[in-house]
Amino acid sequence: MLDFAASTRAAKRPKPFDWQRPTQYDDSQKAAFHRAASNRLKLLAAQLDWPKADFDLRSNKAGIAVSGEITLHHERVYISVSQSCMGAQSGILMRTCKGRRDYSGGRNHFAALALLDDPPALAERVTAVMAGG
């Protein structure tokens, strides 16, 4: 049986994506944004050695005027990716949670969208958030 985490972790670093290219009013760019973010969050889960059964990956494209969000929801941490109105430096929201039905969780931590192109560095940030840092 294929080990999802091991096979994904062994993959090459992803090609950088233009996270700042607007998705609003551009269906093809929004679709590309959601595909790329979903792919990066799968790589993050693999980097953290999370089996597929331990997390949910959701995509909400929302309305035409926004990017929507892509969410990786683990039992202990909630990670949401979007083109934030606060800018690309705040496009990744991370917070602790108590299970996959906890949608409000602990305090918010933000990271730059560009960190999605560096799964090991993003994994370090997520680990720090989970540790209370």
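**Chatting through the core and its strands**

Modeller: In this predicted model, the largest nonpolar core has 26 residues, and Leu44, Trp50, Ile79, Ile92 and Val126 have the most contacts inside it.

Biologist: Which elements give two or more residues to this core?

Modeller: Those are helix H2 (27-47), strands S2 (69-74), S3 (77-81) and S4 (92-96), plus helix H3 (119-130). H2 gives the most, with six residues.

Biologist: OK, take isoleucine 79. What is it in contact with, leaving aside neighbours within four places in sequence?

Modeller: Isoleucine 79 is in contact with Leu41, Leu44, Ile70, Thr71, Leu72, Ile92, Leu93, Met94 and Val126.

Biologist: And S4, how many of its residues are buried?

Modeller: Four of the five, so S4 counts as mostly covered, with buried meaning under 20% relative accessible area.

Biologist: Which strands does S4 pair with?

Modeller: S3 and S4 are antiparallel over five bridges, and serine 80 has leucine 93 in S4 as its bridge partner. S4 also runs antiparallel to S5 (residues 109-111), joined by three bridges. There, isoleucine 92 stands opposite alanine 111.

Biologist: Switching topic: arginine 40 in helix H2. Buried or exposed?

Modeller: Arginine 40 has a relative accessible area of 7%, so it is buried, the cut-off being under 20%.

Biologist: What does the arginine 40 side chain make a polar contact with?

Modeller: The side chain of aspartate 117, at 3.0 Å.

Biologist: What else is arginine 40 in contact with, again skipping neighbours within four places in sequence?

Modeller: Besides Asp117, arginine 40 is in contact with Pro14, Lys15, Pro16, Phe17, Trp19 and Leu116.

How values were computed
Residues numbered from 1 in each chain as written. Predicted model: local features only at pLDDT ≥ 70, side-chain atom pairs only at ≥ 80, totals over all residues. Heavy atoms only, no water. Core = buried A, V, L, I, M, F, W, Y, C linked by side-chain atoms within 4.5 Å. Buried < 20%, exposed > 50% of the residue type's maximum accessible area, 1.4 Å probe, protein only. Contact = heavy atoms within 4.5 Å. Polar contact = N/O pair within 3.5 Å; in protein donor to acceptor, adjacent residues only side chain to side chain. Pairing = 2+ DSSP bridges.
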